[in-house]
Amino acid sequence: MILIKTFLFFSIIVIVVIPFLTVRWKGVVVFSAIILNSLFSGYFAINSLIGQSFNFTLYGSLITGAIPVQIDALSGWFILIINLVFVTGGFYGLYYMNVYNKEKNMLTFHGIAFILFHISLISICVIQNSIVFLIAWEIMTLSAFIAVIFESEKTATIKAGINYLIQSHISIVFLTLGFIYVVYKTDSYNFTAITAYTSSHQNAASFALFLFFFVGFAIKAGFVPFHTWLPYAHPAAPAHISGIMSGVMIKIGIFGILRMLLLVKTNYITIGYIILAFSVVSGLYGVMLAIIQHNLKKLLAYHSIENIGIIGIGIGIGCIGMGSGNQILVTLGFAGALLHVLNHALFKSLLFYTTGIVYQAIHTLNIEQMGGLIKKMPQTALLFLIAAIAICGIPPFNGFISEFIIYLGLFQWIQNATLVSIIAIILIVISLVMIGGLAMLCFTKAFSIVFLGNPRHNFNHEIKDAPFIQLLPLYLIALLIILIGLFPKLFLSMLIKPVGLFANIQQVAYSPFSSQTFEALQSISWLAWGFILLVIFIYFLRKLLTKKQDVVISSTWGCGYIAPTAKLQYTASSFVRTYSKLFSPALLFVKKEKDLSGVFPKDGHYETHPYDKIEKWFIDKPLFTLKSGFNKFQFLSNGKLQFYILYGVIFIIAVILIPVLIEIFVYFIDYLKQL
């Protein structure tokens, strides 16, 4: 209790002091606060994963009552991931934000928001009171909003921030309705009331209650079709905020779903199929939209939706296991999902950080203007490549481990499945295969167009890599990506307690990291690393043998025609042209053409801009219809004072007459009943 008070007091002091510090010290103090907060919360998190749960009560108010706090294994896992991403992102942000040193006021707001963002995410993981949970959720939403709109002078940034803020509050509405229902039925704000009520009412009401919570958390997680805020907010934010939002903020939606699975007692098999349906659509649609993006950050944002889908597939498999009493399925499903939460936090934050370095080097995120950056930024290119391979689920990196475990869950499920389940499993396996294949296509395009080939645009300034000190946290993330791929058993062993919560046992009876299945997984990882080491050995052997030979550098054969301009290279659009034509029914492009007549049009111009069909159908069209409807009443606002007075008189008359009419109506109904 004393530690909690000290933690809160320290955080308040730092927030109060930040406005009075010089620009140089603002970042240092903010990062120091993040370090100390991470050490404090990390102590409890690590102990919870070892097996010690923490339950204590904080002073509340007359409304909330005492506020219960619980740090169990699930909280601990997410707290460690949050701290890891915030520490690496905070250190990276110290150098990324140097170019904004003149924006003293914005840096002040940014620093305060950064600390509140961290504290609120940790608080959400441990609070067990619905009112305080919603307050922490709102603080997280507002602090993220302030962080997103740092470059508030840009119209697009403000629009993205407002879009995020509105949709986040739709999420809060669903969560609030769910909590209100529980309070109405139980007269308690504590999370234990959710379990108590649904345990005795496992009917349509508890099922609907879970769906309300699921929608609220799914909006934050970015499941399709609740994802439309995400591709705008991520590109608008500074790179370290983009990495944190993708790495941990959308995962707090996953945490909420997992927490409700532990609290709400309902039909888990049906819930599992629903989550699987949303997840498969999210995974496929996210990667399909990512491939056609020209903005590098927007490409990564859509890949966040894809990976949320992969995590959701693992959760869905685990739910099927909970409903059928299959502990093997529970273990594989939730172990794969929880490990992928960590893996995605690592490689996606690394991708956003490297993209931020590219942006500050060339001042654009348009992939069509990039090319040849590997010669200028070799370290950034290497780090981006490691993260790209990992996100594609290719061994021997971490993405392969978690996706392989999810595949194992599907293969385990099929052994005792009904005909309907077998059809569902086959469709999910095909979807996962397509997601992996399309992800490889996407990042082959991204890496090759951005870093390989020749520059597609002549920049009038020097392009160079970031200093090593800024790249240091990126190398740390890359090291963790490699270590998880090399030694998965070490990291999977940390999941015994979190997965045990869903299997409802202290020690998981079956786990992928203590069986022959795991040995196969380990063998694949080591063989892949053996292949990499063989390639490195051959490379250095060749270099040694050709050391004394003359090296002649010349142009490659140009098929009889040497390209006079770098513009004749593959562009981001032409690279995926075949894909775009194949999947055109699911994709939407806005085209701009100018003077394309002739073989070599002198002033010809052609460009395409991808757009989200779901956003067009579910956001744009309803808003357009609503706006058109309101416009029909525009005649009421005519600027004439006598009409405004008339409106007031009509309103007063309506207020007086409506209760009278209701009373007459009730009297008439009673009279009819008597007849």
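How do the residues of the lining of the largest cavity divide into nonpolar, polar and charged?

1. Basis. This is a predicted model, in which local features need pLDDT of at least 70 and side-chain atom pairs count only at pLDDT 80 or more, while totals for chains, interfaces and linings use all residues. Residues are numbered from 1 along each chain as its sequence is written, and side-chain values use heavy atoms, without hydrogens and water.

2. Lining. The division is six nonpolar, three polar and no charged residues (Ala, Val, Leu, Ile, Met, Phe, Trp, Tyr, Cys and Pro count as nonpolar, Asp, Glu, Lys and Arg as charged, the others, Gly among them, as polar). The lining consists of S130, F179, V182, V183, S188, Y189, N190, F191 and I194. Helix α6 (residues 155–186) gives the most to it, with three residues; helices are DSSP runs of H or I with at least four residues, numbered from the N terminus.

3. Volume. The largest cavity has a volume of about 30 Å³. A cavity is a set of points on a 1 Å grid over the protein atoms alone where a 1.4 Å probe fits but cannot get out, and lining residues have an atom within 4 Å of a point. The volume is the space filled by probe spheres set on the points, which are joined across faces, edges and corners.

4. Helix contact. A73, L74 and W77 in α3 meet K497, P498, L501 and F502 in α19 (contact: heavy atoms within 4.5 Å). By class, this contact of α3 with α19 has six nonpolar, no polar and one charged residues.

Conventions
Helix = DSSP H or I, 4+ residues; strand = E, 2+ residues; numbered from the N terminus. 1 Å grid on protein atoms, 1.4 Å probe; cavity = no way out; pocket = protein on both sides within 12 Å on 5 of 7 lines; lining within 4 Å.
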